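The following paragraphs lead the reader through one protein model, beginning with the surroundings of a single residue and ending with the confidence of the prediction.

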Amino acid sequence: MLKTSLPPDNSAMLEKAIAAVAAAMADPSRVKMLCALMDGRAWTATELSAAADVAPSTASGHLARLLEGQLITCLSQGRHRYYRLAGHDVAALVEQMMGLSWSRITPPETTAPKAMREARTCYDHLAGTVAVQIYDFMQAEGCLEADGSALTLYGREQFLTLGISLSDHPHRKACCACLDWSERRFHLGGEAGAALLIHMESKGWIQRVAGYREVVVTASGKAAVKRLFSR
């Protein structure tokens, strides 16, 4: 008889919880909503209905399922209600699902716009070709542990040199290797990835495109990436 590492009752609860999350995601319209929310912003139901290409009344049902599955949260401000991903763990799940799904199909090269492949946000950190280049450089230079789960002491020193201060006791993963769905390689996630994105934006190295995950790497940004993250 197959044995599990959890007591029978706990194992059954875990299996039901996994099935509930999978069921909440098991609809193309709800997947579109989750992907839209990967830009890190809070969206209205009207905006999400447009993103999913469904009627507002239909969107309400989908949002209810996502709320029930604890994949999104609802924020109320006066008469307005806004929806956003429930947290970094949900964003990581969606990004991993993107990478897993893309590895099982052979999309044409033009499926993802070139600008999106070049640079975009992945919830609260940078993704795309530029982000993968930065991750590869950091790993080659010994800034990251082999599995990408943490910055090395040298890596933290390099962040401080850039002017990026990280908490000694973060409330989330300090660092992680996040699978990039377009490059199918890793970019920098976790607290370190989020801090790097904020730093790059504050320096004017990147500019967000309002309403989209796409970001533009400015001329000074390209120069900085070449100077700091290439051999």
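Two residues are in contact when heavy atoms of theirs lie within 4.5 Å. In this predicted model, H125 touches R120, C178, H187, L188, G189, G193, A194 and L197, with residues up to four places away in sequence not counted. H125 belongs to strand β4, which spans residues 125–127. Its relative accessible area is 7%; because the limit for a buried residue is under 20%, H125 counts as buried. A polar contact of 3.3 Å links the side chain of H125 to the side chain of D124.

How many disulfides does the model hold? The count comes to zero, where a disulfide would require two cysteine sulfur atoms within 2.5 Å. C175 takes part in no disulfide, since its nearest cysteine sulfur, that of C176, is 6.6 Å away. With a relative accessibility of 3%, C175 is buried. For C176, the closest cysteine sulfur is that of C178, and the separation of 5.7 Å is too far for a bond.

The confidence of the prediction remains to be considered. The protein chain has a mean pLDDT of 86, and 90% of its residues reach 70 or more. Among its elements, helix α10 (residues 219–228) has the highest mean pLDDT, 95, whereas helix α6 (residues 114–118) has the lowest, 79. Where pLDDT is low, predicted coordinates should not be read in detail.

Terms used
Residues numbered from 1 in each chain as written. Predicted model: local features only at pLDDT ≥ 70, side-chain atom pairs only at ≥ 80, totals over all residues. Heavy atoms only, no water. Buried < 20%, exposed > 50% of the residue type's maximum accessible area, 1.4 Å probe, protein only. Helix = DSSP H or I, 4+ residues; strand = E, 2+ residues; numbered from the N terminus. Polar contact = N/O pair within 3.5 Å; in protein donor to acceptor, adjacent residues only side chain to side chain. pLDDT = per-residue confidence, 0-100.
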